[in-house]
Amino acid sequence: MRVGNPFRSEDSPERLFSMNALRRAWGQVRRSGKSAGTDGMTPDAFAARLNHELNRLRQQILGSTYEPHPVRQFFIPKKSGKLRPIQVWSVRDKVAQRAVVNLLTPVLEKHFLDCSYGFRPGRSVKQAVDAVTRSRDQGHRWVVDADISDCFGSIDLDLLMGQVQGVIAEPIIVRLIEQWLHTPIHGEPYSQVAVSQGGVISPILANLYLHRFDQMMLASLPQSRLVRFADDFITLSTSEEIAVWSLDVARRSLENLRLRLNMRKTRIVHFDEGFAFLGYTFHEDKCEKG
């Protein structure tokens, strides 16, 4: 995504990372869990010395001495039988990431498209589901039920940083994002988290990366509808022929971003056959949760 005016706040970095901004970020992080990162500091311990920790974090960011702690990684099973890596960041790193997310969200929301619903303020799974049923009722009853292979783990960091630099001109923020993408995994010295599942910054970076996919799809498929929730998406078309074309456009658009479809899990289906999306089952004219 390229915009005419990259993020150039009139505020100084000192104001962008003010104590008030960091306290707001801390309040959001505080509600997200009780786990400690590799530094061993829990949210309760961080809270007990809050002013000291936030002021130290602020000085490190402004003085360019900030370095993220290595992340702790564990795996959870997926329905496919494979394992999904989850990374646990330190509390102070999550606060720093949340502060940057709070800065970037109003900037990027001006450019993200209506077809995108995941991890955006004021948008929800229910709204995405309503968009699907609305398109169905308008006659778009052929669906490309798609699956991106390891989307978060496959995001090309050079392409992503090019997109970041296209919308952000503040060097401190660009440096922070680059640091987070290259943070090492504890116990794996040659591994880095990239766009980690578990990182506070990851959803907005994934949406930025896939915004280009949204643009390519909408430009090439004026007769189809796209509904995307993070890395989960479907297209809806009025005929099987257009659906086949939609699948090819999706494949080529993802390849442009160095991503690929999992063709074993991707199919073209009619509403009469039924399919599942975002925890809802669609069949004929019915839509049921679960």
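Two strands are taken to pair if DSSP finds at least two bridges between them, and the elements themselves are DSSP runs numbered from the N terminus, with helices (H or I) of at least four residues and strands (E) of at least two. The model is predicted, so that local features need pLDDT of at least 70 and side-chain atom pairs count only at pLDDT 80 or more, whereas totals for chains, interfaces and linings use all residues. Residues are numbered from 1 along each chain as its sequence is written, and side-chain values use heavy atoms, with hydrogens and water left out.

Strand E3 (residues 142-145) and strand E7 (residues 232-237) run antiparallel and are joined by 4 bridges, with Trp142 standing opposite Ser237 in E7. Helix H10 (residues 202-220) packs on the sheet and touches E6 and E7 (contact meaning heavy atoms within 4.5 Å), its direction making about 170 degrees with that of E6, where axes are lines fitted to C-alpha atoms, for helices over the stretch in contact, and angles run from 0 to 180 degrees between N-to-C directions.

The sheet is open and consists of 4 strands in the order E6-E7-E3-E8, with antiparallel pairing. Its edges are formed by strand E6 (225-229) and strand E8 (267-270), each of which pairs on one side only, and the twist from one strand to the next averages 20 degrees.

Within strand E3 lies Asp145, which is buried at a relative accessible area of 12% (buried meaning under 20%, exposed over 50% and partly exposed in between, with a 1.4 Å probe and protein chains only). Leaving aside residues up to four places away in sequence, Asp145 touches Ile234, Lys265, Thr266, Arg267, Val269, Phe275 and Ala276. Asp145 and His270 are 125 residues apart in sequence, with a C-alpha to C-alpha distance of 9.8 Å.
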